[in-house]
Amino acid sequence: MFNKIRYKLKRLIALHYKKSNILKGALIYSAGDTIAALLLDEFSWYRLLGMILIGATFYAFEIPNYFDWIVKKTAHLKGLKATLTKTVLAILYFNPLWIARHLLFIKLFSGQFEAIGFNLLEIAFWSFIVNIPISFVANYIIQNRFKLQWRFLGSAIFSALMAIYYAMSETIFS
């Protein structure tokens, strides 16, 4: 019993949450969202600070650990099956619920509480569907051509570009 608890505790502590990922997440995610906010004439210091916080916490913790999990889950696979599985698992992570959560953060930090509703899920769904071809290519490159240590940075840069798209998705898919 004690060994099981110790093993689970070791696995929990082994999660990645490094200073470098915190800085990358804070800077890169907020940069992408700031560009979107400026393009939509929705810039707000609260939104910028909020996205810095989200990039440094949620994204800097979740994404490197998920990518590490992908490596572990696909370690036994070879060739095309490994390549496609890694790519699909990465795409599935950035699913409509993830996009809706990102849109929710934007609304919260912009003070647009009245705009929070199930419509964000619909916008996120269509945003996800339309984006699959681009996301497939980008995630294929990130998961299969980047070393594990560079995947968060690659994903953060791609996500910063996608943050522009997600923020504009409301205008496109509403």
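This is a predicted model: local features need pLDDT of at least 70, side-chain atom pairs count only at pLDDT 80 or more; totals for chains, interfaces and linings use all residues.
Residues are numbered from 1 along each chain as its sequence is written, and side-chain values use heavy atoms, leaving out hydrogens and water.

**Helix 5**

- Helices here are DSSP runs of H or I with at least four residues, numbered from the N terminus.
- Helix 5 covers residues 96–110, and its end C-alpha atoms sit 21 Å apart, which agrees with the 21 Å its 15 residues should span at 1.5 Å a residue (the expected span is 1.5 Å times one less than the number of residues).
- At its start, a side-chain oxygen of N95 comes to within 2.7 Å of the backbone nitrogen of L97.
- Just past the other end, G111 has a positive phi of about 75°.

**What helix 5 packs against**

- P96, W98, I99, A100, H102, L103, F105, I106 and K107 are buried (under 20% relative accessible area, with a 1.4 Å probe and protein chains only).
- Those buried residues pack against helices 2, 3, 4, 6 and 7 (contact means heavy atoms within 4.5 Å).

**The cavity**

- A cavity is a set of points on a 1 Å grid over the protein atoms alone where a 1.4 Å probe fits but cannot get out, and lining residues have an atom within 4 Å of a point.
- The whole structure has 1 cavity of 30 Å³ or more.
- The largest cavity holds about 60 Å³ of space, and its lining includes W98 of the chain.
- Helix 7 gives the largest share of that lining, 4 residues.

Definitions and conventions. Helices (H or I, at least four residues) and strands (E, at least two) are DSSP runs, numbered from the N terminus. Buried means under 20% relative accessible area, exposed over 50%, partly exposed in between (1.4 Å probe, protein chains only). A polar contact is a pair of N or O atoms within 3.5 Å; within protein, one must be able to donate a hydrogen and the other to accept it, and residues adjacent in sequence count only if both atoms are side-chain atoms. On a 1 Å grid over the protein atoms alone, a cavity is a set of points where a 1.4 Å probe fits but cannot get out, and a pocket is an open set with protein on both sides within 12 Å along at least five of seven lines; lining residues have an atom within 4 Å of a point. Grid points are joined across faces, edges and corners, and a volume is the space filled by probe spheres set on the points.
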